[in-house]
Amino acid sequence: MRKREKENLRIQLGERFYDYVEKCRKFLGWNQNKICEEIANSMNGEETDSKKKIKTNTIYQYKQKGVSGKQAENLLNACIEFHITYHVPRIELSQFVTEYKEIARKLLKREVNIDTSGLPYVVEYSHELSEEEKEEWDRVVCPDKLRKKLDDFFKKESKCMIIQGTRKSGITVSVEKYLLDKQKGQETIIIPYIYDIEQMEYSNTMEQQLRKDLQGDYVVIRIGYGKFDHYDFLKNAKAKILILSHSMAGIDASAEVETLVFNDLTNNMQCTRQMLEEYVPELDKILNKENSETKETMEIALNKFHDITGGIPIAVKKIGELIWKLYHVDGIGMEQILKETLWKNEKGKETYQYLWNELMEDMWNRIGETERKVLERIACIATSVSKKMMWSLNNMNPDGNIMDNMLHNLFLMEGGKTRNSDAPYPGVRLFPLMRNLILYKLSTDVAIDEEKFYKETMERAIRYLEEALDSNEMAGIYKGKMCFLDREGEFQVVKSILEFCCEDNIEKYMMLTMKLEPYFSLRGKDGKYVREIYENRLRVARDNNFNRDVLTSYGYIINQRILRGENNLAENDFHVSLAYVNRYKLKEALSPAYLLMKVKYNIYIGQDYGMAEKILQQIPKVILSNLQKAEAEFYSWICQWKLSQEIDIEKLKNKIDIYLTEGDVDNNIIEIQYGLALAELCIEQYLKDTHTDAELGAAESVLRKVEAYINACRYPVAFQQSCYYFNRACIAKIQEEERKFNGVCIVEIQKEEWRLFMNKAQRAYKRTDRGIWKKQKEEYLNNIEKIIGEKWKNMGNN
């Protein structure tokens, strides 16, 4: 380099430095000499030789004389330290560092080394975005839910945001994206400045710096795998704190701060779609086809893609590129690709190794061997398991320390809305992307026999499920508003176990699906997954010529249709089953479940009570279990009631007395149905002609017993709850109308009490014919008003 060029570069460094000093002067209100003195002291460090010390005047003259190559690097580091110490606005430092570094690089003919060893909480100072970085960030999406929360947060005067997430997790990247978007329209875009205190001590120096930073626009702290324990300081500094986290681990509940918990370490589905459009537009076009033949399939494909990527930007990009190669280059169908375990594919191994290095390796190294084994066994089963099952899979007693290590290192999140909630059977969730990465790593670990490890884990899972089914444990799993495994989590576990049994032990498969049926048939949630299980059971039974199980499977499938109000589908499946029975001359007595289904079909679909009663009389009682016997007796009573011309009042009273004084706890699902039918009969009798308080009093007594049975029932009873609340609504409607015509003052709390019960009934009713049901029930309630009005009109005439 020529001498003149060197001189010019030195002068340029001096000018940039002087501009920075001038901006500091305006912000701090100091004179330039004092600023230069502080920077000189920083450059001298622990230098004791007075001859070698840089004088303030030397610094001051850099503008005219330029900065020497020997001092160029030292000066830049001193300016960064000055900025941290005296809280010069970050954007000023960023612009200065970016421009100064480029000139110094040309002068020194190498990259400039920036020393931040004395500033442990600064991982990366802010710098101006390059064009390449701008393009990359343009593809990242901040979820609307988070954006709205941050918009509200930034309206407050004093702000401190705390993030619990890894450097590349969806939540961290989304916040950075939001902060970048806030700068849109500005000439210079600066990467957000974030305090990264992960695994570092909270020092007095950091506290002093935070105190100064809280006087500025905002502060962002990323706690990463750690735990933040310094809320008191932030409260005293009167900071408005917002904590962003993928779980409540690491957050002090007593902090009393505003929190936003993302239920995934991810962006949402819409974000995944937007990023896919940016990263792999060719694949996006394939997945977003909207012609009538493929729309539903492609919707499933998008959901699957979201699940396997977790919406994490780097995973969306890499896995998206992998899927496009398999589809476009290798010619594999999209449906087949998304069914495959991608990390088992030869091309997929390279992608998953890259994602492991980027997203998981650091986290994996922070936990011990015991925690790894726990996570590996969960990964073999599902992404969601109950805590009890988690410990059972590992033959361990619950260990809070191990749980904390997994939570704090962001592998798991707990079930329920808050940590340590009162959910009776809380669970843990392993993010799908992490699950696949762990399974990939397990397959590459030469120290583990993967097949033996998987089989051993599945056998433990089978034992756990069998014990749960043979005890009241399964009942607990299905009960309660915050129940973890009743939010589709149980299907991950159950389907995984059943798939293993179907391949390894068909008899065990048939036995488990039979024991699960009482829980599945009565659950209020969407029956799609249950139907898939029993349709597969039917195929397996047919393939193996298990005639009894063929009939039982038909019984389960049609029973599901009846319970969910899918009358047309139930009718179609019923006739298909009859054709199969006749074709292969199967003996229906082989399967009590099939015979009882025929009874229910004739009662609820055909409304042929005579035929239902005839089938009941032909069923050999010896083949029925205790529960099935109680069920058969109930249906027989229903048939007799429907076939009788009028209600026998004395028999009804006797039945009610027996119901109120006796009861079978083991068969309380049948007792619930008895009680609901008795209450309905009482209400019907009241409206018919008698209009005496005795019927309403009896109905209320019966419903109190029904409520107790519902609370104690070991099976899910959402449909029965709906019937219970509707009967309560009918009684409340009758009482309100009677008071109105009788001139009794109705207290405010009793007004339209029936409507509250009707709303509860609607919430509990989950069947597919909900609209028809609601219309019928509303007409029934309106009819009550007419009947009571007619009664009082007739009394007036008399």
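**Salt bridges, ring pairs and a charged patch**

Biologist: Which side chain meets that of Lys 349 in a salt bridge?

Modeller: The N to O distance is 3.3 Å. This is a predicted model, so the distance is computed. The partner is Glu 346.

Biologist: How many residues apart in sequence are Lys 508 and Glu 466?

Modeller: Their side chains meet in a salt bridge at 2.9 Å, N to O. Lys 508 lies in helix α25 and Glu 466 in helix α22, so the pair ties together parts of the chain whose separation in sequence is 42 residues.

Biologist: Is Glu 466 buried or exposed?

Modeller: Lys 508 is partly exposed, at 25% relative accessible area. The cut-off for buried is under 20%. Glu 466 has 17%, so Glu 466 counts as buried.

Biologist: Which residue forms a salt bridge with Asp 470?

Modeller: The closest N and O atoms are 2.8 Å apart. Asp 470 lies in the loop between α22 and α23 and its partner in helix α25, so the pair ties together parts 45 residues apart in sequence.

Biologist: How many salt bridges are counted?

Modeller: A salt bridge needs a side-chain nitrogen of Lys or Arg within 4 Å of a carboxyl oxygen of Asp or Glu. Glu 369, Arg 372, Lys 373 and Glu 376 are linked in a network of them. By this rule the count is 29.

Biologist: What is the angle between the ring planes of Phe 574 and Tyr 601?

Modeller: A search of the whole structure finds 22 aromatic pairs. Phe 574 and Tyr 601 form one that is stacked, 3.8 Å centre to centre. Phe 574 lies in helix α28 and Tyr 601 in helix α29, so the pair ties together parts 27 residues apart in sequence. The angle between the planes is 10°.

Biologist: Is the pair of Phe 634 and Tyr 674 stacked or edge-to-face?

Modeller: Phe 634 lies in helix α31 and Tyr 674 in helix α33, 40 residues apart. Both are buried. Their ring centres are 5.0 Å apart and their planes stand at 85°, so the pair is edge-to-face.

Biologist: Which element gives the most residues to the negative patch?

Modeller: The surface patch gathers Glu 132, Glu 135, Asp 138, Glu 277 and Glu 278. Two elements give two or more residues each: one is 131-138, the other 269-279. Glu 277 is in helix α12, and at 47% relative accessibility Glu 277 counts as partly exposed. The element that gives the most, with 3 residues, is α7.

Biologist: What is phi near for Lys 585?

Modeller: Lys 585 sits in the loop between α28 and α29. At 72% relative accessibility Lys 585 counts as exposed. Phi is positive here, in a residue other than glycine, and is near 50°.

Key
Residues numbered from 1 in each chain as written. Predicted model: local features only at pLDDT ≥ 70, side-chain atom pairs only at ≥ 80, totals over all residues. Heavy atoms only, no water. Patch = residues over 30% accessible without salt bridge, like charges linked within 9 Å, V, L, I, M, F, W, Y side chains within 5 Å. Areas by Shrake-Rupley, 256 points an atom, 1.4 Å probe, with all protein chains shown as cover. Lys, Arg positive; Asp, Glu negative; His and termini not counted. Charge placed at Lys NZ, Arg CZ, Asp CG, Glu CD. Helix = DSSP H or I, 4+ residues; strand = E, 2+ residues; numbered from the N terminus. Buried < 20%, exposed > 50% of the residue type's maximum accessible area, 1.4 Å probe, protein only. Phe/Tyr/Trp six-rings, centres within 6.5 Å; stacked < 30°, edge-to-face > 60°.
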